[in-house]
Amino acid sequence: MKKVTFVSFVSAILLFVAVVPASAQEENGFKKFQVEEGFEDNGFQWFRDAELLCAGDKEKSNAMTIGWGGIGTLWGRTALTVYVAEKRYTKEFMDKAEYFTVMVFDVEHSKVLRYMGAKSGRDEDKAAALGLHTAYTANGTPYYTEAEMVIECKIMYAAPFEPQYFKSDVPERMYDHFPAGIHSMYIGEVVNAWKK
């Protein structure tokens, strides 16, 4: 029987580490972090800067700019909530999705948020038009390698807002002249997060 020495054991471990490929996120310059400790932004201001929401799979996906959302804790889990209007193309992807990503872009890429918010994916491949490179998490969730931060969520709950349950003037003020229709809420459990 061959005797295993400490040196040969360490060599085997190093060889294993060398041949195991890095995750797609690491290959694209991202480092994984825990949002509970490493999320440094003000949650009350975060969505006001506008983020990018993306859903779909390796065959087809779509992204849109979002300015509404929430982060916190729900059902004992770290949660992120996003809202998508009824007639938005991304809603079709969100309704079929198990996961979605929310991405942050730096100032240099501010045109991404403007373009994604002004154009529809029904008419063109917005990512291709912007020269963005789509990558996928281990769960198959799409994101763009040009982002500065990517948060991946697993959908726990999804439902449209029902006007009869509003307790304020929001339906009249928001939806009477809003052609995209009423929003649906998607509550996701944060399962992964990466930043550069």
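## A salt bridge at D169

D169 is partly exposed, with a relative accessible area of 44%; in this report, buried means under 20% relative accessible area, exposed means over 50%, and partly exposed covers what lies in between, with a 1.4 Å probe and protein chains only. The side chain of D169 meets that of R173 in a salt bridge, at 3.6 Å from N to O, and R173 counts as exposed at 60% relative accessibility. A salt bridge is taken here as a side-chain nitrogen of Lys or Arg within 4 Å of a carboxyl oxygen of Asp or Glu.

## Basis and confidence of the model

This is a predicted model, in which local features need pLDDT of at least 70 and side-chain atom pairs count only at pLDDT 80 or more, while totals for chains, interfaces and linings use all residues. Residues are numbered from 1 along each chain as its sequence is written, and side-chain values use heavy atoms, with hydrogens and water left out.

The mean pLDDT of the chain (the predictor's confidence in each residue, from 0 to 100) is 89, and 88% of the residues reach 70 or more. Over residues 9-21, however, pLDDT stays under 50, and for this stretch the model has 1 contact beyond four places in sequence, where contact means heavy atoms within 4.5 Å.

## Overall architecture

The chain holds 7 helices and 10 strands; helices (H or I, at least four residues) and strands (E, at least two) are DSSP runs, numbered from the N terminus. Of its 196 residues, 39% count as buried. Among contacts between residues at least 6 apart in sequence, 72% join residues at least 24 apart.

A nonpolar core is a set of buried Ala, Val, Leu, Ile, Met, Phe, Trp, Tyr and Cys residues joined through side-chain atoms within 4.5 Å. The largest one has 25 residues, and the members that touch the most others are W46, L53, L80, V82, M94, F100 and I151. Two or more residues of this core come from each of β2 (51-56), β3 (61-66), β5 (77-85), α4 (89-96), β6 (99-104), β9 (149-160) and β10 (183-195). A second, separate core of 19 residues includes A63, L113, A127 and L132. In soluble globular proteins, nonpolar side chains tend to be buried together.

In helix α4, the buried residues are Y89, T90, K91, F93 and M94, and what covers them includes β2, β3, β5, β6, β9 and β10.

The structure holds 5 salt bridges. One of them pairs R122 with E92, the closest N and O atoms being 3.6 Å apart; this pair links distant parts of the chain, with R122 in the loop between α5 (110-118) and α6 (126-130) and E92 in helix α4, 30 residues apart. R122 counts as partly exposed at 47% relative accessibility, and E92 likewise counts as partly exposed, at 39%.

Another salt bridge joins K154 to E98, with the closest N and O atoms 3.4 Å apart. Here too the pair links distant parts of the chain, as K154 belongs to strand β9 and E98 to the loop between α4 and β6, 56 residues apart. K154 is partly exposed, with a relative accessible area of 31%, and E98 is partly exposed at 47% relative accessibility.

Strand β4 (residues 69-74) and β5 run antiparallel and are joined by 6 bridges, two strands being paired if DSSP finds at least two bridges between them. Within this pairing, G72 stands opposite A79 in β5. The two strands form a hairpin with 2 residues between them.

Most residues other than glycine have a negative phi. W75, in the loop between β4 and β5, has a positive phi of about 55° although it is not a glycine, and W75 counts as exposed at 54% relative accessibility. A50, also a residue other than glycine, has a positive phi near 75° and is placed in the loop between α3 (35-38) and β2.
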